[in-house]
Amino acid sequence: MQNIQNKILIILFASALALCFASIYFLHPHVAGDSISYIESIEFLGTGEAPQNFVPNRLLTTFGGLQIVSMFSGLFGSILGVWLGMNIIFYLLLIF
């Protein structure tokens with residue numbers, strides 16, 4: 001009985017993961033809303049150059065998360081990819 005439950009959980013997890021990746025691939029998410037201010041703050045941390053009309057409120061409220069994304073985006077080459085990866089890790093940790 002335990003073996004069947006484990007298989008069902010693995011299948012559900014794999015299906016949810018496949019659905020997440022499929023939604024990203026097919027729906028082509030775009031950056032909108034307050035995400036733009038986060039990306040501007042991350043770029044400011046990386047380059048030191050403030051864009052026009054830059055408001056540094058994100059640097060004050062979420063500095064640790066922005067610093068992590070800024071650091072790893074240099075390694076992986078994508079701010080959005082690292083941001084997504086960080087969110088996935090935090091959501092999975094939240095489950096446990």
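**Reading helix packing**

Modeller: Let's start with a pair: helix α4 (residues 63–76) and helix α5 (residues 79–95) pack at an angle of about 125°, their axes 8 Å apart. This is a predicted model, where local features need pLDDT of at least 70, side-chain atom pairs count only at pLDDT 80 or more, and totals for chains, interfaces and linings use all residues. Residues are numbered from 1 along each chain as its sequence is written, and side-chain values use heavy atoms, with hydrogens and water left out.

Colleague: How do I read numbers like that?

Modeller: Two packed helices are described by the angle between their axes and the distance between the axes. Axes are lines fitted to C-alpha atoms, for helices over the stretch in contact, and angles run from 0 to 180 degrees between N-to-C directions. Helices are DSSP runs (H or I, at least four residues), numbered from the N terminus.

Colleague: Which residues in α4 and α5 meet?

Modeller: From α4 you have Gly65, Ile68, Val69, Phe72, Ser73 and Phe76; they meet Ile79, Val82, Trp83 and Met86 of α5. Contact here is heavy atoms within 4.5 Å. By class, that's eight nonpolar, two polar and no charged residues. Nonpolar covers Ala, Val, Leu, Ile, Met, Phe, Trp, Tyr, Cys and Pro; charged is Asp, Glu, Lys and Arg; the others, Gly among them, are polar.

Colleague: Why does spacing along a helix matter for reading such a list?

Modeller: An α-helix has 3.6 residues a turn, so residues three or four places apart point the same way.

Colleague: At what angle do α2 and α4 pack?

Modeller: About 65°, with axes 9 Å apart, and this crossing is right-handed. Tyr38, Ser41, Ile42, Leu45 and Gly46 in α2 meet Phe63, Leu66, Gln67, Val69 and Ser70 in α4. That contact divides into six nonpolar, four polar and no charged residues.

How values were computed:
Helix = DSSP H or I, 4+ residues; strand = E, 2+ residues; numbered from the N terminus. Left-handed = near helix turned anticlockwise from the far one by under 90°.
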